[in-house]
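Good morning, colleagues. Please look at the display as I speak.

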Amino acid sequence: MLAVRKARRKLRMGTICSPNPSGTKTSSEVCNADWMASLPPHLHNLPLSNLAIPGSHDSFSYWVDEKSPVGPDQTQAIKRLARISLVKKLMKKWSVTQNLTFREQLEAGIRYFDLRVSSKPGDADQEIYFIHGLFGIKVWDGLMEMDSFLTQHPQEIIFLDFNHFYAMDETHHKCLVLRIQEAFGNKLCPACSVESLTLQTLWEKNCQVLIFYHCPFYKQYPFLWPGKKIPAPWANTTSVRKLILFLETTLSERAPRGSFHVSQAILTPRVKTIARGLVGGLKNTLVHRLMNRGNSSSPSRSLESRT
């Protein structure tokens, strides 16, 4: 669930490094920030759906606001309990699933982002926020952070998967889509055949952003991809063994053409899981279990390649 331990820790892909003003790389290391640009030429014309692309779960939840209202994604029982100040502190331990900002995740090589958004009660300006139990940063701030990275790394492609919407009517959706347009402009890739998308074709068109929108509202805008084009089967288990079996099965059964596929390498807490690890939080209860079993520094999501 955590994208990586530290922004400067070496990952399997290589070494995270700051953008080089000259655009060159040393011969001894490849920057994760530019891993797509650094792929060998024979992969440039391969459909993106054939590449394994690293992603993160609840990508925005590196920060949540304890002082904000409890989000509309929570039950009434939780909202009532949250009137007790300690409850929100405990909620934060289970709501934060990342320890890196969007920029740091991008520099670490993350290219798929799992996004959940909501309006905020009493907010008259129609602003949209990221949400996971508690409200996170404004969506606009996150989009601008991403756009800044993309401008500095013109050959990197990102997938933004808007898959949960809370307390949003048509006006909120229009506001969100306008924000997306304002942030990325010509970097947005129009929806098209999945098999026609390659790194080379995107580079030639200067497109860097694919927006997946799990709401019928996508039909009104050519740059919004329908959610069905990027299914993300969910294991919904606390068992590492069951999770691995689920991932192997769903990957083998994925549609042969016409869509991407997300493998969610995540464990989901039950009520009793939270009760047992109430103070320890998500990281100390489930994340370590998955990391120890898989010997990996980054339990997360990924867009899987076809085999």
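A residue counts as buried here when its relative accessible area is under 20%, with only the protein chains taken as cover. Please keep in mind that this is a predicted model.

With that term in hand, consider strand β3, residues 128–132, where 5 of the 5 residues are buried. I128, F130 and H132 point one way from the strand, while Y129 and I131 point the other way, and all are buried.

What pairs with β3? The hairpin of β3 and β4 has 1 residue between the strands, and G133 takes a positive phi near 85°.

The largest nonpolar core has 36 residues, of which L160, F162, L176 and F184 touch the most other members. Among the elements that give two or more residues to this core are β2, β3, α4 (139–152) and β5 (158–166). The contacts of F162 include L115, V117, L143, L176, I180 and F212. Apart from this core lies another, of 23 residues, among them L48, C189, V194 and W203.

Finally, the surface. L81, I84 and L86 form a nonpolar patch there, with about 290 Å² of accessible area together. Of these residues, L86 lies in helix α2, residues 85–95.

Methods: Residues numbered from 1 in each chain as written. Predicted model: local features only at pLDDT ≥ 70, side-chain atom pairs only at ≥ 80, totals over all residues. Heavy atoms only, no water. Patch = residues over 30% accessible without salt bridge, like charges linked within 9 Å, V, L, I, M, F, W, Y side chains within 5 Å. Areas by Shrake-Rupley, 256 points an atom, 1.4 Å probe, with all protein chains shown as cover. Salt bridge = Lys/Arg side-chain N within 4 Å of Asp/Glu carboxyl O. Helix = DSSP H or I, 4+ residues; strand = E, 2+ residues; numbered from the N terminus. Buried < 20%, exposed > 50% of the residue type's maximum accessible area, 1.4 Å probe, protein only. Pairing = 2+ DSSP bridges. Core = buried A, V, L, I, M, F, W, Y, C linked by side-chain atoms within 4.5 Å. Contact = heavy atoms within 4.5 Å. Lists of a residue's contacts leave out its neighbours within four places in sequence.
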